[in-house]
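Hi everyone, thanks for coming. Let me put the structure up on the screen, and then I'll walk you through it.

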Amino acid sequence: METGLQGSLLDLGDEPVPGPLGTSVHRTMLDRGAWVDLRRGWMTGADVLFGRLRGAVPWREERRRMYDRVVGVPRLLCFYGEDAALPDPALAQARAALDRHYADELGEPFRTAGLCLYRDGRDSVAWHGDRIGRGAKEDTVVAIVSLGAPRALALRPRGGGSSLRYDLGHGDLLVMGGSCQRTWEHAVPKTARPTGPRISVQFRPRDVR
């Protein structure tokens, strides 16, 4: 059963706007050429933005074949391609800020936005890397803005090894770069603990899914 969103005490209804990046971004170097950037509370007014997106985005449930049956994907989805208008001006501002910050390192703009709505702890995403398209062969950058209740995002080396865990919500920004999509995997695991809904916004360059 879905639990209602409990807002952050630090997010008191402000108009959504991304904060500064620069030296406020903390980078963790991983092995095999991968890295992760973290900026806590990057999106001011994150709970307001969560409510706007939850109501405005045309969420859909996808179904996929698993072995001999078709099952529902355990989260709601919406994808905005290169020419699609984003569903809220705060997301356009966030993408522009990310373009400026990562321009030299990435060498190209972020072009698409994928949105996921995790309704409660039963919704999840299994271990994977964004390796459809260029991410399978090239270094790239994927930026994730988390809105709503915190959920764990776990990372582990592809092929096995010790994992890392980041509890993300209420406007946190996590960016995976370098070889991360090829050499590491990430997941949002299910949880039996009561938890409110979360929206994940993933900004990606062209031809990375």
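**A walk through the model**

Let's start at a loop: Arg-32 sits in the one between β2 (26–29) and β3 (34–39), where strands (E, at least two residues) and helices (H or I, at least four) are DSSP runs numbered from the N terminus. Before going on, a word on the source: this is a predicted model, in which local features need pLDDT of at least 70 and side-chain atom pairs count only at pLDDT 80 or more, while totals for chains, interfaces and linings use all residues. Residues are numbered from 1 along each chain as its sequence is written, and side-chain values use heavy atoms, with hydrogens and water left out.

Back to Arg-32. Its phi is positive, about 60°, although Arg-32 is not a glycine.

Asp-207 is partly exposed, with a relative accessible area of 46%.

Now the whole protein. How many helices and strands does the protein have? There are three helices and 15 strands. The radius of gyration is 16 Å, close to the 17 Å that the globule rule gives for 209 residues, so the protein is as compact as a globular protein of that length. That radius is taken over C-alpha atoms, and the rule is 2.2 Å times the number of residues to the power 0.38. Buried residues make up 50% of the 209.

Next, the inside. The largest nonpolar core has 35 residues, and Leu-53, Leu-98, Leu-147, Val-201 and Phe-203 have the most contacts inside it. Such a core is a set of buried Ala, Val, Leu, Ile, Met, Phe, Trp, Tyr and Cys residues joined through side-chain atoms within 4.5 Å. Elements that each supply at least two residues of this core include α1 (46–56), α2 (89–106) and β15 (198–204). The largest share, seven residues, comes from α2.

Take Leu-98 as an example. Not counting residues up to four places away in sequence, Leu-98 touches Leu-21, Trp-42, Phe-110, Ala-143, Leu-173 and Phe-203, where a contact means heavy atoms within 4.5 Å.

Methods: Buried means under 20% relative accessible area, exposed over 50%, partly exposed in between (1.4 Å probe, protein chains only).
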